[in-house]
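Student: I have a structure to study. Can we go through it by question and answer?

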Amino acid sequence: MAVEETHDGPATPAGPATPGGATAAPDGPATPTGTATPTGTATPTGTATPTGTATPTGMATPTGTATPTGTATPTDTSGAAPPSSRAGGGAAPAIEVRELVKSFGEVRAVRGVSFEVAIGEVFGFLGPNGAGKTTTINMLCTLTRPSAGEALVAGHDVVRERDDVRRNIGLVFQDPTVDGYLTAAQNLQLHAELYGVRSDLVRPRMRQVLEMVGLWERRGTAVSTFSGGMRRRLEIARGLMHSPRVLFLDEPTIGLDPQTRRSIWSYIRELKEQEEITIFMTTHYMDEAEWCDRIAIMDHGEIVALDSPEALKASVGTDRVTIQTDDNEAAIAALRSQFGLDAKLSEGAVTIAVAGGAQFVPHLFDEWDPSHPPIRGVSVSRPTLDDVFMSYTGTTIRDAEEDQSRHRNRVMMQMMGGGRR
Ligand SMILES: Nc1ncnc2c1ncn2[C@@H]1O[C@H](COP(=O)(O)OP(=O)(O)OP(=O)(O)O)[C@@H](O)[C@H]1O
Ligand SMILES: [Mg+2]
């Protein structure tokens, strides 16, 4: 029996896990700033927080039976997902999306996105808060029904063949979902049972995935004592327990320190080497997007650019020159009138996109009129993904997120003011 979709919002798992879903996470201080030397490249930094996997409502077993309450019934003992459509080169893509749309009333969260992800690819969605990343993942994972358009995952339609899609995917939600009262091993055991992994395969697979994320030695420990990074790694291990063909990771490293984020990324890359798995992940961290084979930059529900990180950066074709002055507005006006340059205020400094930034700087100092505000500092950086984002959207991701946060605060203040009247 097919399980009806229960909601359009946060995912509701069948198991004891309590996944988040489309809610924005308490974001870590994403800092794609990166001061650069005239010859160097900017180094985006930033931190984030983790979360985890859970079993979505009505997650089907390998035989496709799910109970009316959405609890999976592990009847099939075949273990890993069947290899029928796990084709090699030249095979159908792991994910095919055509003109996918999702509206929540007036809010058009996803506005007609189209893309394909090849088998074995690490594909990332990069975008600021509210861009529509989680909503897209939720549609691909069958947790949210699209308003329009079509999507196939592992060759199956996300609306008409939901059970087939669910059988073939692993999902690590944006918000944490592992059960703190259980040990790491018990969390994985439960997940394996929900997915009908053959009992004799559970322990070897558990060992394999826990060793991959460096938690095998801690398998008997209650998860409540784990650090954020350990929990996140456990959630990734759990998402892999049933050997999915496609693993969805929604903000896999959000809130983690840079070192833990790097180690999670090396697990993800190792996973790609070890298993024939396709990885679809979302992030709003530039440095993370660099790990992907290809990325789609998403803004306001639309894909504004899609390519490999290298190709995207090359497409910008300009360096970024950042100038510190005491009067940014006057400096922007001066750059326009004297140099014909369209400078922008970005993250509190004047930013100009120019080809050959290192050559431009001496010219700038030579020509800078003494009547203009003095230049206090200057830096040049090669194009980063932030520049790519800026060139397609006119803002940096960080500024976009700050704008949204200001907007939210304004609305909240208005509501509070309204309440008092
Ligand atoms: N269940 C829902 N009901 C109403 N609006 C929703 C719902 N889920 C998402 N939205 C809205 O859709 C838009 C996209 O949200 P989504 O969670 O997909 O963004 P995101 O790119 O994942 O952001 P973040 O980086 O903060 O996780 C937002 O405006 C959000 O408020
Ligand atoms: Mg999200």
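Student: Is Ile375 buried, exposed or partly exposed?
Tutor: Count C-beta atoms, placed from the backbone, within 10 Å of a residue's own: 20 or more others means buried, 12 or fewer exposed, and in between partly exposed. Ile375 has 16 such neighbours, so Ile375 is partly exposed.

Student: What should I know about the model and its numbering?
Tutor: This is a predicted model, where local features need pLDDT of at least 70 and side-chain atom pairs 80 or more, while totals for chains, interfaces and linings use all residues. Residues are numbered from 1 along each chain as its sequence is written, with chains lettered from A and ligands numbered from 1 in the order written.

Student: Which residues is Ile375 in contact with, beyond four places in sequence?
Tutor: Contact means C-beta atoms, placed from the backbone, within 7 Å. Leaving out neighbours within four places, the partners of Ile375 are Ile323, Thr325 and Trp368.

Student: In which strand is Ile375?
Tutor: Strands are DSSP runs of E, at least two residues, numbered from the N terminus. Residues 375–381 form one of them, and Ile375 belongs to it: strand S16.

Student: What is the bridge partner of Met298 in S12?
Tutor: S11, residues 294–299, pairs with S12 in the antiparallel sense over 5 bridges. Met298 has its S12 partner in Ile303.

How values were computed:
Helix = DSSP H or I, 4+ residues; strand = E, 2+ residues; numbered from the N terminus. Contact = placed C-beta atoms within 7 Å. Pairing = 2+ DSSP bridges.
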